[in-house]
Amino acid sequence: MKVFVIGGSGFLGSYLVPKLVSAGHDVSVLTRRETEMSRLTQSGARPICGDILDCDAFLPALPKQDVVVFIAMPFRPGRTTARKLRALTANATTFARNALKVATRLGATLIFTRGTGFRTAPGEVADETWPFNPVGMARIGEGSIPLVDE
């Protein structure tokens with residue numbers, strides 16, 4: 001299967017991409033960092049240098065895909081201010097809209113996922129029954145922001 005991973009050079013991607021490659025998939029990875037190109041190539045993936053905020057720049061060079069996996073986040077972990085959080089929320093919305101645009105243009109199924117963090121007490125386990133209570137950066141995109149016009 002041809003799989004295009006948006007955010008494949010980040011935290012989640014560093015786990016996902018090698019698993020996809022070892023399962024025999026033809027994997028392309030979008031990365032903003034040229035420094036990741038050789039690492040991605042060595043992993044067996046095809047790196048595409050670009051930014052999801054400017055998907056029209058890299059889309060013409062990308063062949064048809066079966067699946068687009070979207071795991072990119074518009075920030076690096078660490079402390080932030082309320083102003084930065086508002087800007088990141090706007091970027092997160094644009095990221096999601098552009099991922100949908102990429103999948104549509106490539107005729108691919110879109111898999112949209114995110115990493116999640118929980119605060120737990122020592123020995124406590126968070127699972128699917130855990131109450132949703134986003135803290136800090138996990139609040140990005142909170143609320144009802146339509147990705148497509150209705």
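Contact here means heavy atoms within 4.5 Å. The notes below concern a predicted model, in which local features need pLDDT of at least 70 and side-chain atom pairs count only at pLDDT 80 or more, while totals for chains, interfaces and linings use all residues. Residues are numbered from 1 along each chain as its sequence is written, and side-chain values use heavy atoms, with hydrogens and water left out.

1. Val102. Not counting residues up to four places away in sequence, Val102 touches Phe4, Ile52, Cys55, Phe58, Leu59 and Val68. Val102 is also one of the residues that touch the most other members of the largest nonpolar core, which has 18 residues. A nonpolar core is a set of buried Ala, Val, Leu, Ile, Met, Phe, Trp, Tyr and Cys residues joined through side-chain atoms within 4.5 Å. Buried means under 20% relative accessible area, exposed over 50%, and partly exposed in between, with a 1.4 Å probe and protein chains only.

2. The cores. Besides Val102, the residues of the largest core that touch the most other members are Phe4, Ile6, Ile52, Phe58, Val68 and Leu106. At least two residues of this core come from each of strand 1, helix 3, strand 4 and helix 4. Helix 4 gives the largest share, five residues. Another core lies apart from this one and has eleven residues, among them Val3, Leu20, Leu40 and Ile71.

3. Overall layout. The protein has four helices and five strands, and from the N terminus on its elements run β-α-β-α-β-α-β-α-β. Helices (H or I, at least four residues) and strands (E, at least two) are DSSP runs, numbered from the N terminus. Of the 150 residues, 32% count as buried. Among contacts with a separation of 6 or more, 64% are between residues 24 or more positions apart.

4. The five strands form an open sheet in the order 3-2-1-4-5, with parallel pairing. Strand 3 (46-49) and strand 5 (109-112) stand at the edges with a single partner strand each, so one side of each has no neighbour in the sheet. On average, neighbouring strands of this sheet are turned by 20 degrees against each other, direction ignored. Two strands pair if DSSP finds at least two bridges between them.

5. Strand pairs. Strand 2 and strand 3 run parallel and are joined by four bridges; Ser28 has Arg46 in strand 3 as its bridge partner. Strand 1 pairs with strand 4 in the parallel sense over four bridges, and Phe4 stands opposite Val68 in strand 4. Strand 4 and strand 5 likewise pair in the parallel sense over four bridges, with Val69 opposite Ile111 in strand 5.

6. Strand 4. In a regular strand the side chains alternate between the two faces of the sheet. Val67 and Val69 point one way from strand 4, Val68 and Phe70 point the other way, and all are buried.

7. Aromatic pairs. Rings of Phe, Tyr and Trp (its six-membered ring) pair if their centres lie within 6.5 Å; planes under 30 degrees apart count as stacked, over 60 as edge-to-face and the rest as tilted. By this rule there are three aromatic pairs. Phe4 and Phe58 form a tilted pair, 5.9 Å centre to centre with 50 degrees between the planes. Phe4 is in strand 1 (residues 2-6) and Phe58 in helix 3 (residues 55-58), 54 residues apart. Both Phe4 and Phe58 are buried.

8. Phe70 lies in strand 4 (residues 67-70) and Phe95 in helix 4 (residues 82-106), so the pair ties together parts 25 residues apart in sequence. Both Phe70 and Phe95 are buried. Ring pairs link Phe70, Phe95 and Phe112 into a cluster.

9. Helix 1. The buried residues of helix 1 (residues 13-22) are Gly13, Val17 and Leu20. They cover an arc of only 65 degrees around the axis, which puts them on the same side of helix 1; the arc is that of the directions from the helix axis to the C-beta atoms. These buried residues pack against strand 1 and strand 2. The face of helix 1 turned away from the buried side carries the exposed residues Tyr15, Lys19 and Ser22. Just after helix 1, Gly24 takes a positive phi of about 95 degrees.

10. Glu36. Glu36 is found in the loop between strand 2 (26-31) and helix 2 (37-42). At 15% relative accessibility, Glu36 counts as buried. Leaving aside neighbours within four places in sequence, Glu36 is in contact with Ser9 and Thr31.

Methods
Axes fitted to C-alpha atoms, helices over the stretch in contact; angles between N-to-C directions.
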